Amino acid sequence: MERTLLQWRLLSLLALIVALFSLFFASRSFQQETQGNTCSLLPHDHFWISSKRIVTPDGLISGSVEVKGGIIVSVVKEADWYKSQRSRVKVIDYGEAVLMPGLIDVHAHLDDPGRSEWEGFPSGTKAAAAGGITTLVDMPLNSCPSTVSPETLKLKIEAAKNRIHVDVGFWGGLVPDNALNSSALESLLDAGVLGLKSFMCPSGINDFPMTNITHIEEGLSVLAKYKRPLLVHAEVEKDLEIEDGSDNDPRSYLTYLKTRPTSWEEGAIRNLLSVTKNTRIGGSAEGAHVHIVHLSDASSSLDMIKEAKGKGDSVTVETCPHYLAFSSEEIPKGDTRFKCSPPIRDSANREKLWEAMMEGDIDMLSSDHSPTKPELKLMSDGNFLKAWGGISSLQFVLPVTWSYGKKYGVTLEQVASWWSDRPSKLAGLHSKGAITVGKHADIVIWEPEVEFDLDEDHPIHFKHPSISAYLGRRLSGKVVSTFVRGNLVFGEGKHASDACGSLQLAT
Ligand SMILES: NC(=O)NC(NC(N)=O)C(=O)[O-]
Ligand SMILES: [Zn+2]
Ligand SMILES: [Zn+2]
């Protein structure tokens with residue numbers, strides 16, 4: 001009897017010790033998880049995110065996404081969710097808010113190093129995170145020097161180190177100096193640029209001269225080997241037929257519009273499409289791809305692009321939210337915040353751009369966030385002919401797309417296609433761009449129905465909010481949370497303390 005009692009007591013003691021040990025180890029692993037991850041506002045490496053509206057490649061579902069080690073490890077519909085939920089794993093329920101792949105902005109100028117007083121990696125990527133952009137691809141010009149060689153790419157990589165809040169890749173520049181020198185181009189591509197970018201007209205940046213069609217053709221033959229794209233600013237300078245007269249007031253937007261007519265876009269695109277046949281299957285540049293950036297002209301330029309696609313040329317085209325939101329008629333006198341090239345055209349053109357978006361003739365969107373320091377916008381003079389061209393929009397592209405697209409019946413799936421799926425393919429970022437098992441957990445949670453005013457109380461993270469043409473607008477679509485590779489980099493209006501974005505270099 002006494003022996004059984006003793007045995008019983010020993011057993012209870014043993015159980016107590018085991019319980020204490022497990023408590024100790026559980027709390028230690030929790031502490032390890034919670035401490036030290038200054039990259040995320042969330043202290044978990046393994047968690048679930050639930051939402052009634054998840055945008056997946058198979059359509060909209062209500063369910064949950066499991067994230068582990070920065071990767072999406074499962075996506076389950078609500079009906080199957082209770083079966084697969086593991087206890088002790090954190091669940092964040094976003095209710096009706098939309099869960100979508102993070103945006104991939106393939107066209108942003110962060111101007112770092114060398115012109116970081118215009119933007120810079122920290123401010124630009126904070127704005128991106130606050131806007132639901134999880135990856136951006138930085139343009140090779142406006143930083144100083146331009147990214148046209150392995151050495152100048154190295155300067156970018158150095159400047160970005162520990163200073164980016166989202167993932168960042170780079171385009172390299174195709175310029176006359178490297179275009180006819182295949183080993184120079186190969187060394188730039190070997191160094192990790194995701195593709196090349198060139199201008200068919202002066203870029204406004206001295207160390208980024210324009211290319212002619214021979215440069216482009218040569219560039220494409222090198223890109224073919226790497227299966228990477230060439231992005232082209234397609235405008236070509238032509239003689240202008242502007243009558244002299246008092247109506248050429250430089251403070252009038254229409255004066256500026258006359259200096260960059262649709263014929264500039266048409267002319268460049270016609271010339272460019274004369275070499276894209278090389279990209280067809282069996283062509284001399286099969287494997288290369290041509291992407292026309294920031295299309296503004298929705299008439300002949302677009303018709304030619306459609307025709308080229310129909311013939312099998314490997315061509316895509318983007319436009320930007322400012323061409324879809326604004327029209328030339330409404331731009332106030334002297335308001336140089338709206339100056340960009342190609343220019344914003346009339347409202348009939350804007351309608352046609354929307355039509356092309358909805359029909360799928362324009363493949364994707366990008367911000368073309370191209371800021372400068374406010375002095376160069378010449379806001380007090382209001383001289384459209386002399387002010388720096390470029391729109392500042394990085395943080396607002398998602399709500400702008402949604403707010404201005406609503407009347408055309410834009411769907412959440414279309415937004416995800418224009419901003420995530422298509423851009424991921426263009427940039428060759430195959431581990432990004434969709435809510436699917438195996439992809440990076442790059443996720444934006446947003447509330448399409450929530451409206452807000454872009455007034456002085458609204459926190460704007462890019463460097464010079466005063467030069468943004470969107471200020472004063474009422475938008476719909478509030479970003480709640482942004483995850484980059486599982487790190488909650490932005491949530492409830494705050495950023496994670498450390499900048500843990502990673503570089504997306506081509507290999
Ligand atoms: N140097 C620039 O940033 N140019 C940019 N300027 C615009 N879009 O007005 C561009 O992408 O062409
Ligand atoms: Zn451009
Ligand atoms: Zn640009």
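T211 is in contact (heavy atoms within 4.5 Å) with L174, V175, P176, S198, F199, M200 and I216, leaving aside residues up to four places away in sequence. The structure is a predicted model, in which local features need pLDDT of at least 70, side-chain atom pairs count only at pLDDT 80 or more, and totals for chains, interfaces and linings use all residues. Residues are numbered from 1 along each chain as its sequence is written, chains are lettered from A and ligands numbered from 1 in the order in which they are written, and side-chain values use heavy atoms, with hydrogens and water left out.

- T211 sits in the loop between β10 (196-199) and α7 (213-226); helices (H or I, at least four residues) and strands (E, at least two) are DSSP runs, numbered from the N terminus.
- T211 counts as buried because its relative accessibility is 3%; buried means under 20% relative accessible area, exposed over 50%, and partly exposed in between, with a 1.4 Å probe and protein chains only.
- The side chains of T211 and S198 are joined by a polar contact of 3.0 Å. Such a contact is a pair of N or O atoms within 3.5 Å; within protein, one must be able to donate a hydrogen and the other to accept it, and residues adjacent in sequence count only if both atoms are side-chain atoms.

- Donors are N, O and S atoms within 2.8 Å of the metal (3.2 Å for Na, K and Ca); water is not among the atoms, so sites may look incomplete.
- H107 and H109 are both buried.

**Zinc ion (ligand 2)**
- H233 (ND1) and H294 (NE2) coordinate the zinc ion (ligand 2) at 2.1 Å.
- H233 belongs to strand β11 (residues 229-233) and H294 to the loop between β12 (289-292) and α10 (300-310), so the pair ties together parts 61 residues apart in sequence.
- Both H233 and H294 are buried.
- The zinc ion (ligand 2) and the zinc ion (ligand 3) are separated by 3.8 Å.

**Ligand 1**
- An oxygen atom of ligand 1 lies 3.0 Å from a polar side-chain atom of H233.
- A nitrogen atom of ligand 1 is 2.6 Å from an N or O atom in the side chain of D368.
- An oxygen atom of ligand 1 is 3.4 Å from a polar backbone atom of G389.

**Helix α13 and T436**
- Helix α13 (residues 397-405) is largely enclosed by the rest of the structure because eight of its nine residues are buried.
- The buried residues of α13 include W402 and G405.
- T436 is in the loop between α14 (412-426) and β15 (443-453), and at 29% relative accessibility T436 counts as partly exposed.
- T436 touches P57, I72 and V75, not counting residues up to four places away in sequence.
- The C-alpha atoms of T436 and T56 are 6.9 Å apart, although the two residues are 380 residues apart along the chain.
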